[in-house]
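Biologist: Please show me the model. I would like to know how its terms are applied.

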Amino acid sequence: MNSVSLSKQIRDICLDEYKAYSIYRALSRIPIVNRKIRTILEKASEDEYRHYMFWKKLSNECRPRFTIITGFIWSIILILFGVTVVLKLLELKERDASSVYREVLERYPDFGKELEDIIIDEERHEKEFLENIDEVRIRYLGSIALGISDALVELTGVYAGGIGAFANTLSAGIAGLLAGISAAISMAIASYAQAKHEAGKDPRVAAMYTGSAYFIVVILLAIPYFTIKSIVIAFSISIAIAVMVIAYMSFYSYVIYHRKYLREFLESTALLLGVSIVLYIAGKALGYILGISID
Ligand SMILES: [Fe+2]
Ligand SMILES: [Fe+2]
């Protein structure tokens, strides 16, 4: 690797260490976070600051600025995805950085001990976060994903099949809501039964997460039908909302299960659009056979 790209990589690592330091420190000061986790975060922020100072010695281009915009973006990630995702994202970046360490060592052999300490710190961070931060929404992520994916397929199916069969968006919306509520209850029961066989899960909590996740998707996909007059536009917006929900869930898969984001996203989206097309054709065919098509 040439020296230009190595020094750029060192600068990036340096900036990332500063970012991790700032975010851990900010998180450790949130009063609602429990005390034990706050202590771990505070200790991690001190480690990251030390790492930052180390990289700063090797890079004179490392001038970090933690702007309001950076703070805002990370706050949004924290609100949308929770603390586990924030910590995992930051540590993932640091783990990626370890591939550069060997080249750094070749160039600066005297810093071997310090680099080794950094690697030990990073391994400890991941382990400590993993052992101590047990976010309920992550523990029940499987139950949530179950509700969400089922709701997306079921509801877009209902709406796609109903294009041309419903007289107006309001009746389509009401049909979607009713179908959705009954399906949410049935999925919650299925989730309860499934969680009974899984260690470390409370079946009632699993049922609540699956049912609520399902219900939220039902509401989100129904909104366009209660606000827009054109069935085709309402359907298009509802599909767009469904794709956003897929993007949201794919991000969890990427961070928590290390799956490929784009692949996960495209697979689920293709499945959803496929179901919509099949149901649309089925709806048309049924309407034609039964003579209830209104267009
Ligand atoms: Fe670090
Ligand atoms: Fe770290």
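The talk below takes the terms one at a time.

Modeller: This is a predicted model, in which local features need pLDDT of at least 70, side-chain atom pairs count only at pLDDT 80 or more, and totals for chains, interfaces and linings use all residues. Residues are numbered from 1 along each chain as its sequence is written, and chains are lettered from A and ligands numbered from 1 in the order in which they are written.

Biologist: What makes α7 a helix of the expected span?

Modeller: Helices are DSSP runs of H or I, at least four residues, numbered from the N terminus. The expected span is 1.5 Å times one less than the number of residues. α7 has 22 residues, and its 31 Å from first C-alpha to last is close to the 32 Å expected.

Biologist: Why is α7 called mostly covered?

Modeller: A residue is buried if 20 or more other C-beta atoms, placed from the backbone, lie within 10 Å of its own. In α7, 16 of the 22 residues are buried. Just after α7, glycine 164 has a positive phi of about 90°.

Biologist: What makes a set of residues a nonpolar core?

Modeller: The set holds buried Ala, Val, Leu, Ile, Met, Phe, Trp, Tyr and Cys residues joined through C-beta atoms within 7 Å. The largest such core has 42 residues, and Ile148, Leu152 and Leu155 are among those with the most contacts inside it. α7 (141-162) and α8 (169-195) are among the elements giving two or more residues to this core. Another core, of 19 residues, lies apart from it and includes Ile13 and Tyr24.

How values were computed: A residue is buried if 20 or more other C-beta atoms lie within 10 Å of its own, exposed if 12 or fewer, and partly exposed in between; C-beta atoms are placed from the backbone.
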